Amino acid sequence: MNAEMDMLYEEKSNIEFIQVRHEEVGALAASMQPKFSGNIGVVLGSGGPGATHLMNGLYDAREDGVPMLAIIGTRPQKELNLDGFQELSQNPIYSDVSEYNVRVAYAEQLPKIIDRAIREAITKGGIATIEVPVDFGWEEIDNASWYSSANGYRKPNKPPIDEKDIDKAVSLLEDAKRPVIYAGIGTRGHGEDVIALAEKLKAPVAVTGKNYDTFDFDYEGLIGSTWRVGWKSANEIIEEADTILFAGSDFPFAESTGVFEGKKFIQIDIDASRLGKRRSVDAAILGDAAEAIRKITEKIEQKDESSWYRACLANNRNWREYMNRLEIKKEGDLQAYQIFNAVNRYANENAIYSIDVGNVTQNSVRHLHLTPKNLWRTSPKFATMGCGLPGALAAKLEFPDRQTWNLSGDGGFGMVMQDVVTFVQHKLPSIHVVFSNMMFGFIKREQEETNEHLYFGVDFTEPVDYAKIAEAQGAVGYTINSIDEIDEVFAKAMEAEKAGKVVVIDANITNEQPIPVEALRLDTKYYSKEEVKAYKDRFEAWDLKPFRKFLEEEGLSSIKE
């Protein structure tokens, strides 16, 4: 990559090069960049091991359908195919992950290939990988031999919506007794349109895990996401629903869980290939989700508040009270919930959150009180650990004037902690909270459900002082061991961040698991009193009630009966 470094030096007034300590951090930052801003991410990797280190970030970008350009180095052209030092047959390695994947054949081709690669990545929403023999970068090229296609780029038009499909959806929703709106990222930025339909239809709003920041946490009709990284409300309510309006989503657990089976299913998607992908449809609408929702809202009759809607809201209040009680605890051992409460209280109104993968993802969708002023991003489908810190790097570079948080478990943070110094080096003030519970918590919970030999390979035996690791890299480090230390540490952390410092807070929390809302054991009609008591005691869920109770209070019965 030395020739590319020479080129970047020549263009340093136009292109900002961010040096990282591990190529995977660079690739994950380049993947997270378009998730935060919509701008294409660009990463460079030297030939051989430098290039293979990029793979995690490339696959993360592919799975989220975001544009990314990867420039891969290789040996000089005359040394190729001689089994040289660090030489790999790199093109086949990137064939699966890339929409466009080529080796530059001769020096004059390089700017043309880069131009096309960017165009392919942006228009297809994927990865463009180009392999560049190192000697090409030092060759002189006539400017007249190439051109930029940027001025010819146009965003594709959204497909026109068929009014017959809207009418079919309206008819199904008019007949629904127990409707639910499932709002995916196709509705991002259009929460008001979704709420307008929900209020007219008297339907609760579920969301995909990566679409929470489209809605205000305090909206009473927001019932969270479904399955494991979700809320009790959404899991129970969707199970009892009779009609689902599935808008701009690609829920990857639909087939394995059967969560939408036995219900009328209305799907809206801008991509025709996704219609019917997760479940057979009773009505399909090809087009922009927000536009389709507005059309449905215009045509549908205003519904009176129903017993179904009241039961849903009551159930949701019960769940929210549970979450709040955990967050505001003043006594007992330090848990993740009290740390999230502090983040809510101390964070700026428009703070940006980069969330790592694991229990921290699950807890963030429950205990971060987001609004549309925030940005919340993670690795939602590829779900690679170690994405929190690189994501914060990308976010701070894109939005230098906004407060940026990286929320990570000790498992994910341990994979990328060497790049705290990257924030220090590039003077990127930010707050990094490490939830240290001495385990791969999310996987440990999976083993509880699936493994004969419980808890193998998931517990950490030696503690790590992440505050000292931060200090060793020039950052400011704090440690929290108890609830009564939270406010003092967070107040100091906020002052340090305002002063331009990089801050790492090592929160030594308990190893308790978040309540598994996909496997609720609250109802003595289906579980013994002993099982229910043990479940409630374990998860401090003494006041949680099964949805069946709220249905019955409204004169309704469960579909399971």
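A cavity, found on a 1 Å grid over the protein atoms alone, is a set of points where a 1.4 Å probe fits but cannot get out, and its lining residues have an atom within 4 Å of a point. Grid points are joined across faces, edges and corners, and a volume is the space filled by probe spheres set on the points. The largest cavity here has a volume of about 50 Å³.

This is a predicted model, where local features need pLDDT of at least 70 and side-chain atom pairs count only at pLDDT 80 or more, while totals for chains, interfaces and linings use all residues. Residues are numbered from 1 along each chain as its sequence is written, and side-chain values use heavy atoms, with hydrogens and water left out.

**Cavities and their lining**

- The structure holds three cavities of 30 Å³ or more.
- The lining of the largest cavity includes Tyr322, Leu326, Gln335, Tyr337 and Glu512, and also Gln513, Arg538, Phe539 and Glu540.
- Helices and strands are DSSP runs, numbered from the N terminus (helices: H or I, at least four residues; strands: E, at least two).
- Helices α12 (307-327) and α21 (529-539) each give at least two residues to the lining of the largest cavity.
- Gln335, one of the lining residues, sits in the loop between α12 and α13 (336-346).
- Is Gln335 buried or exposed? Gln335 counts as buried, at 3% relative accessibility; the cut-offs are under 20% relative accessible area for buried, over 50% for exposed, and in between for partly exposed (1.4 Å probe, protein chains only).
- Leaving aside neighbours within four places in sequence, Gln335 is in contact (heavy atoms within 4.5 Å) with Lys329, Ile509, Thr510, Glu512 and Glu540.

**Salt bridges**

- Side chains of opposite charge can pair when their charged atoms come close.
- A salt bridge is counted when a side-chain nitrogen of Lys or Arg is within 4 Å of a carboxyl oxygen of Asp or Glu, and a search of the whole structure finds 40 of them.
- Asp96 and Arg62 form a salt bridge through their side chains, at 3.2 Å from N to O. Asp96 lies in the loop between α5 (90-93) and β3 (100-103) and Arg62 in helix α4 (residues 55-64), so this pair ties together parts that are 34 residues apart in sequence.
- Asp96 is partly exposed, with a relative accessible area of 47%, and Arg62 is also partly exposed, at 31%.
- Another salt bridge links the side chains of Arg377 and Asp213, at 2.7 Å from N to O. Because Arg377 is in strand β12 (residues 375-377) and Asp213 is in the loop between β6 (205-207) and β7 (222-224), the pair ties together parts that are 164 residues apart in sequence.
- Arg377 is buried, with a relative accessible area of 7%, and Asp213 is buried at 5%.
- Asp537 has a salt bridge with Lys533, and their closest N and O atoms are 2.7 Å apart. Both residues lie in helix α21, four residues apart, about one turn of the helix.
- Asp537 is partly exposed at 35%, whereas Lys533 is exposed at 53%.
- Salt bridges that share partners join Arg62, Glu63, Asp96, Asp250, Glu255, Lys277, Arg278 and Lys381 into one network.

- Asp419 is placed in the loop between α16 (410-416) and α17 (420-425).
- The side chain of Asp419 makes polar contacts with the side chains of Gln418, at 2.8 Å, and Thr422, at 2.4 Å.
- Not counting residues up to four places away in sequence, Asp419 touches Val20, Arg21, His22, Val25, Leu389 and Gln473.

**Positive phi angles**

- Most residues other than glycine have a negative phi.
- Asp83 is not a glycine, yet has a positive phi of about 55 degrees. Asp83 is in the loop between β2 (68-74) and α5 and is exposed, with a relative accessible area of 71%.
- Gln86, also not a glycine, has a positive phi of about 60 degrees. Gln86 is in the loop between β2 and α5 and counts as partly exposed at 42% relative accessibility.

Technical notes
Polar contact = N/O pair within 3.5 Å; in protein donor to acceptor, adjacent residues only side chain to side chain. 1 Å grid on protein atoms, 1.4 Å probe; cavity = no way out; pocket = protein on both sides within 12 Å on 5 of 7 lines; lining within 4 Å.
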